[in-house]
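The sequence and structure come first.

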Amino acid sequence: MRVINCEFERVLKYFDEDGDGKVSSSELRNRLGMMGGELLSKEVEMLIEELDSDGDGLLSLDDFVNLMEAAGEEEKMKDLEEAFEMYNDTQMFGFITPQSLQRMLGRLGESKSMDQCRAMIGHFDLNGDGLLSFDEFRVMMQ
């Protein structure tokens with residue numbers, strides 16, 4: 001059983017205008033509109049259909065938690081992509097090379113030899129090409 005964060009409960013209560021413990025498409029659309037977001041009725045219905053775990057056409061607390069956790073994962077992925085770009089080699093676009101790793105670590109105040117950088121990459125280099133792709137970088141950062 002998952003422990004529900006009080007913040008998620010507060011968010012649900014904010015959207016739940018009639019206090020029934022669930023959020024309808026009209027409640028979601030109204031509250032998003034008040035927050036400056038604008039979705040068409042059809043978009044809101046599609047969103048609820050996608051997130052509604054029990055098929056009642058409403059979002060429960062668990063549905064909200066799933067939505068918030070998914071948004072958190074999306075934010076983490078965005079942060080990882082930004083970090084990857086910092087280490088990315090401009091000559092080998094899409095990969096971290098031992099040279100680009102050494103350069104970035106140097107900028108961060110960590111002096112590493114080329115052999116140390118190769119060893120660091122080798123530890124997470126799943127396909128053995130001597131480079132780190134984004135997917136390998138993501139595994140390394142978990």
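How many Å separate the centres of domain 1 and domain 2, taken over C-alpha atoms?

## Domain layout

The coordinates are those of a predicted model. Two domains are assigned: domain 1 covers residues 4-74 and domain 2 covers residues 88-141. Taken over C-alpha atoms, their centres are 41 Å apart.

An unreviewed UniProt entry lists "domain: EF-hand" for residues 7-38, 39-74 and 112-142. Over the stretch 112-142, the chain is 61% helix and 0% strand.

## Helices H1 and H4

Helix H1 spans residues 6-15 and helix H4 spans residues 61-87. Their axes come within 10 Å and cross at roughly 115°. H1 is therefore roughly perpendicular to H4, since angles of 65 to 115 degrees fall in that class. The crossing of H1 and H4 is right-handed.

On the H1 side, the contact involves Phe8, Glu9, Val11, Leu12 and Phe15. These meet Leu61, Phe64, Val65 and Met68 of H4. By class, the contact of H1 with H4 has eight nonpolar residues, one charged residue and no polar ones.

## Helices H5 and H6

Helix H5 (residues 98-107) packs against helix H6 (residues 114-124) at an angle of about 110°, and the two axes are 9 Å apart. The angle makes H5 roughly perpendicular to H6. This crossing of H5 and H6 is right-handed.

Pro98, Gln99, Leu101, Gln102 and Leu105 are the H5 residues in the contact. Their partners in H6 are Met114, Cys117, Arg118, Met120 and Ile121. Sorted by class, the contact of H5 with H6 comprises seven nonpolar, two polar and one charged residues.

## Met114

Which residues does Met114 contact, leaving aside its neighbours within four places in sequence? Met114 is part of helix H6, and with those neighbours set aside it is in contact with Pro98, Gln99 and Gln102.

Met114 and Pro98 are 16 residues apart in sequence. In space, their C-alpha atoms are 6.4 Å apart.

Definitions and conventions:
Residues are numbered from 1 along each chain as its sequence is written. This is a predicted model: local features need pLDDT of at least 70, side-chain atom pairs count only at pLDDT 80 or more; totals for chains, interfaces and linings use all residues. Side-chain values use heavy atoms; hydrogens and water are left out. Domain bounds come from an automatic or database domain assignment. Axes are lines fitted to C-alpha atoms, for helices over the stretch in contact, and angles run from 0 to 180 degrees between N-to-C directions. Helices (H or I, at least four residues) and strands (E, at least two) are DSSP runs, numbered from the N terminus. Angles under 35 degrees count as roughly parallel, over 145 as roughly antiparallel, 65 to 115 as roughly perpendicular and the rest as oblique. A crossing is left-handed if the near helix is turned anticlockwise from the far one by less than a right angle, and right-handed if clockwise. Contact means heavy atoms within 4.5 Å. Ala, Val, Leu, Ile, Met, Phe, Trp, Tyr, Cys and Pro count as nonpolar, Asp, Glu, Lys and Arg as charged, and the others, Gly among them, as polar. UniProt positions are given in the numbering used here, feature names are shortened, and annotations may be inferred rather than shown by experiment.
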